[in-house]
Amino acid sequence: MISLAKDNIKHAKAGSVSLAKRTMKVPAVEYTDERKWLLEKEKIFRRLPLLVAMSCELPEAQSYLCTEVASVPIIITRDENFELHAMLNSCGHRGAQLLEPGCGKIKKLTCPYHAWRYALDGSLANVFANDIFGEIDKSKHGLIRLPVYENAGLIWVNTDPNSQLNISDYLCGYDTLLQHFNLREFRIFDRRSLEGPNWKIAYDGYLDLYHLPILHKKTFGSDIPYKSLAYSWGPHTRVTSPDPDYAKESFNTSPESFDVESLTTGVWTIFPHVSIASFDAGCRGILISQLFPGSTVSESITIQTYMIPRKLELDEREEAQAMFDLLETVVAEEDYRTGMKQQAALKTGLRNEIIFGKNEEGCQTFHKWLNKVLETSNEELPALFQSAIRCAV
Ligand code: FES
Ligand SMILES: [Fe+2]
């Protein structure tokens with residue numbers, strides 16, 4: 001984190017930015033072709049670890065969270081030993097869903113259909129009226145377990161139960177940097193979902209700063225920096241801008257003494273679908289946006305979660321609420337409204353391609369990795385990310 005801060009100071013003083021080697025063209029059908037979109041749902045969203053929950057949603061031993069991710073109903077539990085488990089929300093008997101979406105405390109998972117009961121690790125503990133059901137091997141009829149990983153106050157689940165991809169490898173060390181947000185100590189202030197355009201059109205908007213003083217001039221103002229420094233760990237990218245304060249004569253602070261706010265500026269994206277950014281309003285709030293494909297190629301859903309570090313006083317709450325409301329306006333009325341019209345224009349088929357500038361390196365990295373993953377077989381997926389770790393080191 002300190003070397004990243006040093007790099008920022010270097011660029012701020014020199015008035016320079018980091019740029020991609022060249023511009024990059026992307027065929028317009030990438031955003032409109034239904035077959036490509038179906039492939040992305042299968043090979044990206046059903047095969048890679050996704051950020052599905054915050055650790056604070058399962059704060060205690062014997063707690064659970066039930067949700068749906070990429071159309072897969074899942075349950076996450078924290079057992080009596082504080083160990084985390086993820087499972088398909090589907091009973092080993094006839095497949096019914098055991099829990100309704102939500103979170104809370106729980107000791108056992110009981111199916112509402114015929115009362116089969118499971119321990120928090122998903123193993124089958126009891127079959128109702130076992131004497132008349134017939135012989136079964138309980139060890140073979142537990143819940144389907146899914147790979148799960150927790151770090152930096154965040155929880156990832158892979159909805160492919162047979163995945164060979166180690167989630168820590170997948171994150172390429174990026175999660176270690178995310179620890180500096182200290183999300184483990186945060187709580188959820190508020191959450192909402194927004195409808196948007198094709199998920200990649202929506203996601204591109206989190207990866208470029210180029211549009212900030214233009215599209216968001218009414219909300220963020222026209223002075224907001226648009227020049228970027230992009231850093232990548234495998235497919236995961238942080239985009240920030242050289243801080244103009246570092247260029248001032250009077251600036252002589254050592255990066256070693258920087259506070260966490262200064263170290264974590266900018267937008268931190270977690271491939272393929274998450275953006276994290278912090279805001280100052282009443283307290284330091286952190287907005288986590290999780291994007292998912294919607295019900296057609298032209299639609300997406302974004303879950304916005306606003307997190308705060310502690311219980312807030314009334315005036316702080318009002319400021320935080322005003323910021324969260326502003327962020328809804330920024331994303332829904334500015335980013336996604338523009339994205340939906342962009343989507344409609346591309347859907348005409350009259351434009352063959354779009355182009356990313358050298359200053360839109362974050363978008364370039366995203367599209368390169370997306371294609372790389374789509375082309376990689378299940379067997380080769382672990383090696384793809386292991387080699388990315390070697391590059392990151
Ligand atoms: S489907 Fe769950 S007990 Fe029958
Ligand atoms: Fe934006």
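1. At what angle do helix H6 and helix H9 pack, and how far apart are their axes? In this predicted model, helix H6 (residues 199-207) packs against helix H9 (residues 314-347) at an angle of about 135°, and the axes are 10 Å apart. H6 and H9 are therefore oblique to each other. The crossing of H6 past H9 is right-handed.

2. The residues that form this helix contact can be named. From H6 come Ile201, Ala202 and Gly205, which meet Asp335, Tyr336, Gly339, Gln342 and Gln343 of H9. Sorted by class, the residues in the contact of H6 with H9 are three nonpolar, four polar and one charged.

3. The next point concerns a sheet. Seven strands form an open sheet in the order E13-E19-E18-E17-E16-E15-E14, and their pairing is antiparallel. Strand E13 (187-196) and strand E14 (229-233) are the edge strands, each pairing on one side only. From one strand to the next, the twist averages 20°.

4. Within this sheet, strand E15 (residues 236-240) and E16 run antiparallel and are joined by three bridges. Arg238 has Trp268 of E16 opposite it.

5. Helix H10 (residues 361-375) lies across E14 and E15, and its direction is at about 25° to E14.

6. Thr265 is located in the loop between helix H8 (260-263) and strand E16 (267-270).

7. A hairpin is formed by E11 and E12, with two residues between the strands. Strand E11 (residues 148-151) and strand E12 (residues 154-158) run antiparallel and are joined by four bridges. In this hairpin, Ala152 takes a positive phi near 60°.

8. The two faces of E11 may be told apart. In a regular strand, side chains alternate between the two faces of the sheet. Val148 and Glu150 make up the covered face of E11, whereas Tyr149 and Asn151 make up the uncovered one. Tyr149 also stands opposite Trp156 in E12.

Key: Residues numbered from 1 in each chain as written. Chains lettered and ligands numbered in written order. Predicted model: local features only at pLDDT ≥ 70, side-chain atom pairs only at ≥ 80, totals over all residues. Buried ≥ 20, exposed ≤ 12 C-beta atoms within 10 Å, placed from the backbone. Pairing = 2+ DSSP bridges. Axes fitted to C-alpha atoms, helices over the stretch in contact; angles between N-to-C directions. Parallel < 35°, antiparallel > 145°, perpendicular 65-115°, else oblique. Left-handed = near helix turned anticlockwise from the far one by under 90°. Contact = placed C-beta atoms within 7 Å. Nonpolar A, V, L, I, M, F, W, Y, C, P; charged D, E, K, R; others polar.
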